[in-house]
Amino acid sequence: MAEHAATETGIALATKAAPPVTVSIATVAGYQVSELVLWATLIYTTLLIGHKVYQIYTDVTKSIDKTE
């Protein structure tokens, strides 16, 4: 049981450290933080739109199946 808790803690620590590490590595590689934020926002927005379209599609197909 203690091993499971240690694994979750390690995963949580890695997740918390990922954004600053990514920004640091990208800055060293020559990318500006503003570019990273722009791309992250674009990707996030695209994923949200895709998820919403999928939800609408499943709702529509469920309503069509119920009417038949």
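Author: Residues are numbered from 1 along each chain as its sequence is written. In this predicted model, local features need pLDDT of at least 70 and side-chain atom pairs count only at pLDDT 80 or more, while totals for chains, interfaces and linings use all residues, and side-chain values use heavy atoms, with hydrogens and water left out.

Reader: Happy to start! Why is Ile-43 called partly exposed?

Author: Buried means under 20% relative accessible area and exposed means over 50%, with partly exposed in between (1.4 Å probe, protein chains only). Ile-43 has a relative accessible area of 48%, so Ile-43 is partly exposed. Ile-43 sits in helix H2, residues 33–67; helices are DSSP runs of H or I with at least four residues, numbered from the N terminus.

Reader: What makes the pair Asp-59 and Ser-63 a polar contact?

Author: A polar contact is a pair of N or O atoms within 3.5 Å; within protein, one must be able to donate a hydrogen and the other to accept it, and residues adjacent in sequence count only if both atoms are side-chain atoms. Here a polar atom of the Ser-63 side chain lies 2.7 Å from the backbone oxygen of Asp-59.

Reader: How much of the protein counts as buried?

Author: Of its 68 residues, 3%.

Definitions and conventions
Helix = DSSP H or I, 4+ residues; strand = E, 2+ residues; numbered from the N terminus.
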